[in-house]
Amino acid sequence: MKQILISILDKESDVISVSHYITSLKAKHPISEIKVLTLKKHTGLVKTLNYVDEFFSLDQDDISSTLKNPIYSDAFALNSFFESISTCMETQWDIFCNFSNDLTSSYLASIFDAKESFGTMIAPTGNPLTHNIWASYQNFAMPKQNKHILNRQLIRHQMSQIEHIHSYKRLKSDPNLDATAKSNFDKIRFHNSISSKRIIAINVEHSYSGLIFKEDMLCSLIEDINLDESVCPVILTQGTAKEINLINAINKRFDNSIVSINAKSEALPSVLRNIDLLVSLENNTLIMSDALNIKTIEVKDKSFSQASYLLNNGYAIYANEVNSVKNDLAFIINQELETTLSVNKVNSPNKTYAIVYDDYSLLETQINGPVDIEEELNYHLTRYYHFQLLGKTRSTQLTNHLRNAVDSKVLTDYLFKVKEEIDNSLKTVLGSIRNAPMANNSKVHSQNFLNNLDQINEKALANTITSAPFCIFEAKLENLPSGDKDGNLRAIEVCLYELKDDLQMLITIVEDMLRPQKRMDQSIEI
Amino acid sequence: MNSIESYELKESRDGDLVPVINGVHLHSIYNPTKEALSFIENNQQNINANTNFLIFGLGFGYHVDALVEHLESLNYTSYSIIVIEPNTKLVNDFNNLRGFKNHRVSITSPMNSSEVFENYDFVQFLKSKPAPLKHELSFDLEKDFYKDFLSYKAPVLFKDYKHLLTPTIRDAYFTEQAQSFESRLNTIKTNTGAQTKLDFALLAIDSLR
C-alpha cells in the first residue's frame with residue numbers, strides 16, 4: 001500500500017482543484033492511501049474530495065495570532081504546529097507532493113521522510129530546489145507571467161509524471177442528498193412543461209477577488225432564459241446576507257418565480273450534478289462544477305492575471321467589467337444548448353475563450369470579442385514553445401493552424417519581431433558565455449560575469465516570449481550544490497550553453513513558421 | 001496581590017452580602033443589585049458590541065449577574081464571561097455563599113499574571129477578543145495585579161517556556177535551547193542556514209505568520 005501525502009497550504013481554490021490531481025494519482029497508484037495536509041479553514045472543502053483517506057490540518061490563524069502577540073507564549077504556536085504534523089513526520093511516505101507550491105509546504109518537504117518528493121523544497125541554504133523541469137517551470141516561470149500560459153493543474157500532473165484522468169469521480173456526495181437534489185430538480189425541469197427543461201444555474205456567490213454580479217445584469221439574463229421554453233434558470237447561493245438580498249430583489253421582479261438553492265460546500269456536488277450549465281464568477285462553486293464535468297462558463301475580470309480555472313471544455317469570458325457580459329453569456333448558451341436567447345448584434349467588448357484540448361494539452365482559444373492578433377499569436381506561440389522547452393515533442397497542429405488562420409503579412413511581421421527579441425536575448429547569453437571562463441581570472445572579469453548574470457535575471461523578469469528559458473536557467477542555478485566555487489562556475493557555463501540551445505529552439509520554431517510563407521511569397525512572385 | 005489589612009462581609013439593607021476590604025465597600029451597602037445596573041449602563045456600548053467579556057474584579061458578583069441578565073434579555077445564546085479576581089479568600093467566600101449558576105461564567109484567581117497566561121484555554125479565550133470590563137472598586141483595590149496583567153509579556157527564551165511544550169516536542173527538540181524563536185530564526189536566515197528538522201520547522205512556522 002503506497003502512502004501518499006499531498007500538501008495544500010495556500011489558496012482555497014487549490015483545495016478543490018486538487019481533485020483532478022488526486023483522481024489521476026489514484027488511477028496511477030490504485031493501491032494507495034492518499035492523505036492531505038491543509039489549513040484548518042479549508043477542511044470543509046477537503047471533505048468533498050474523493051479518494052482522500054485522511055487529512056491533517058494546520059491552524060494558521062491560531063499559530064499566526066500567537067506569534068504576533070507578545071502576550072502569548074510561542075510555546076502554544078509550537079505545540080499547535082508540531083501536533084498537527086506529528087503523524088506526517090512519523091510516517092515513511094512513498095510520495096510527497098508540494099501541490100500548492102507554497103513556502104510552508106516547501107519547508108515541510110525538507111522535514112518529511114519521502115521516497116519521492118514532487119514540487120519545490122527548500123535547501124538548508126535557503127535555495128528553492130525543484131526536482132524536475134516541470135517543477136522548475138511552476139516555481140520560477142509561472143509567477144513571472146502576467147497570465148499563465150500553461151494550465152497550472154496540468155503542470156502539476158506533468159511534474160508528478162501522471163496523466164490527467166477524466167473518468168474518475170472527483171468529488172464525494174451524500175447519496176441521500178443526491179436523491180433529494182435529483183427529486184427537486186426533476187420538479188423544476190418539468191414545472192409547467194411536458195418536456196424536460198435544461199437547467200442553467202447562475203451562481204451569485206462573489207469571486208475570490210470580491211467581484212459580484214449585479215441585479216440588472218442577472219435580471220436581464222434570467223428574462224432572456226425565461227423566454228426560451230427549453231431551458232430554466234435557477235440561482236445558486238452560499239446564503240450570505242448580501243446574496244439573499246440580491247435574490248429577494250431579483251425575485252421581486254419575477255413574481256417570486258425564480259428558484260434559488262442555498263448549498264454549502266459539502267452539499268454542493270449533489271446540487272451541481274443536476275444542472276446542465278453553470279454561469280459563475282471565479283469561486284469554489286465554479287471549480288467544483290468543472291471538477292464534476294459540468295459545462296461551465298467562467299466570468300472573470302480581464303485585469304486579473306489568473307488564467308481560467310477550467311479543465312473541462314468550458315468557456316471563459318475575460319470581461320472589461322463582469323456585469324457587461326449578458327450578451328456574451330447568451331452567445332455561449334445559444335451555442336452550447338442550442339437556445340435562442342437574444343444576442344445584441346453589436347460586437348462585444350469582452351473576449352470569450354473556449355477551453356479545448358490539442359495535441360499537447362488544454363488551451364484557451366478565442367471564439368468571440370475583439371481580437372488582439374499580436375496577443376493571440378504571442379499566447380499560442382509561447383505555449384507551443386514552452387511545451388517544447390519542457391520536453392514535449394514537436395507538433396505541427398498549431399503552426400499549421402496559425403499559417404492557415406492568420407494573414408500571412410501579419411504573421412510574418414510578428415515572427416520577425418519575435419526573432420528580434422530572440423536575437424537580443426541571445427546577445428545577453430553569448431556575452432555571459434564569453435565571460436564565464438574568465439570569471440575566476442580577476443576581480444574585473446568576475447564583476448563582468450556577475451553583471452551578465454544580472455542581465456539574465458532581468459530577462460527572466462521581463463515577461464516576454466523568451467523569458468521562460470531564463471527562468472529555467474535561474475532554477476538550474478538554484479539547484480547547484482553550494483560550496484564548490486570552481487565546480488559551480490563550470491556548471492553555470494554548461495547551463496549557459498543549455499540556455500543558448502533553448503533560445504535556439506525558439507529560433508527554429510520561428511524559422512519553420514516563416515519557411516512555407518517564404519515559399520508561397522516566392523511562388524507568387526514567379 | 002495587594003496586602004489586605006481588613007476583610008469582612010456585611011449585609012446590605014436588602015440582605016445581600018457586600019465585601020468590605022481595607023474599609024472599601026465593593027458594592028452599595030443599600031442595594032447592590034440596583035447599583036449593578038449602572039455597571040451595565042456605563043458599559044452599554046462595549047457590552048452591546050460583544051459576546052465575550054473579561055471582567056476585572058469579582059466584588060460579590062452582582063455586576064456579573066446584571067451582565068448575564070442583560071445578555072439573556074438580548075437573546076444572546078453563545079456568550080462567555082471570565083472574571084479575574086486575585087483575592088482567593090473573596091473567591092472562596094463567593095463560591096460558598098453565592099456562586100454563579102450560569103455555566104457561561106467562570107472565575108479565574110491566579111497568583112500572578114504568568115499563571116493565567118500559561119493557561120491554554122484562557123489564551124484561546126483572549127484570542128476571541130473579549131471586551132474588557134472593569135469593576136472599578138475591585139480594580140482599584142488590586143491595581144498592581146491588574147496593571148501587571150495588562151502589561152504582561154510572555155517569556156521568549158525556549159528554556160523559559162519549555163514546561164509549556166508538550167513532552168514529545170520538548171524531548172525531541174528543546175533540550176538545550178537558550179535562544180528565542182526569533183533569535184533562532186534570525187540565526188538560521190542570516191548565518192547557519194537550516195541544519196536540523198527543527199530549523200526547517202521553525203522556518204515553516206514563521207512562514208505561516
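## A tour of chains A and B

Start by selecting B:Lys127 and A:Asp62: their side chains form a salt bridge, with 2.6 Å from N to O. Keep in mind as you look around that this is a predicted model. The count of salt bridges between chain B and chain A is one, so enjoy this pair while you have it on screen, because a salt bridge here needs a Lys or Arg side-chain nitrogen within 4 Å of an Asp or Glu carboxyl oxygen.

**Stop two: the interface**

Now widen the selection to the whole contact, which takes in 33 residues of chain B and 32 residues of chain A. Nine residue pairs across this interface are in polar contact, both partners being at pLDDT 80 or more. To find your way on the chain B side, colour helix H6 (120–127), helix H9 (158–161), helix H10 (167–173) and helix H12 (197–207), the elements that each give two or more residues to the side touching chain A. Of these, H12 of chain B gives the most, with nine residues. Colour the chain B side by residue type and you will get 23 nonpolar, five polar and five charged residues.

How much area do chain B and chain A bury between them? The figure is about 3,100 Å², with 72% of it on carbon and sulfur atoms. In chain B, select B:Lys127 again, together with B:Phe200 and B:Leu208: these lose the most area to chain A, and together they make up 23% of what that side buries.

**Stop three: the cores**

Next, move to the largest nonpolar core, which has 108 residues. Helix H19 of chain A (residues 485–525) supplies the largest share of the core, 12 residues. Apart from this core lies another, of 42 residues, including A:Ile85, A:Tyr107, A:Ile111 and B:Ile169.

Zoom in on A:Ile6 and show what surrounds this residue. Beyond four places away in sequence, A:Ile6 touches, among others, A:Val18, A:Tyr21, A:Ile22, A:Leu25, A:Cys97 and A:Phe99.

**Last stop: A:Asp14**

Finally, select A:Asp14, which sits in helix H1 (residues 12–28) of chain A. Is A:Asp14 buried or exposed? A:Asp14 counts as buried because its relative accessibility is 5%, and the cut-off for buried is under 20%. Show its contacts beyond four places in sequence and you will see A:Ile8, A:Phe99, A:Ser100, A:Gln153 and A:Arg156.

Key: Residues numbered from 1 in each chain as written. Chains lettered and ligands numbered in written order. Predicted model: local features only at pLDDT ≥ 70, side-chain atom pairs only at ≥ 80, totals over all residues. Heavy atoms only, no water. Core = buried A, V, L, I, M, F, W, Y, C linked by side-chain atoms within 4.5 Å. Buried < 20%, exposed > 50% of the residue type's maximum accessible area, 1.4 Å probe, protein only. Helix = DSSP H or I, 4+ residues; strand = E, 2+ residues; numbered from the N terminus. Contact = heavy atoms within 4.5 Å. Buried area = accessible area lost by both parts, 1.4 Å probe. Polar contact = N/O pair within 3.5 Å; in protein donor to acceptor, adjacent residues only side chain to side chain. Nonpolar A, V, L, I, M, F, W, Y, C, P; charged D, E, K, R; others polar.
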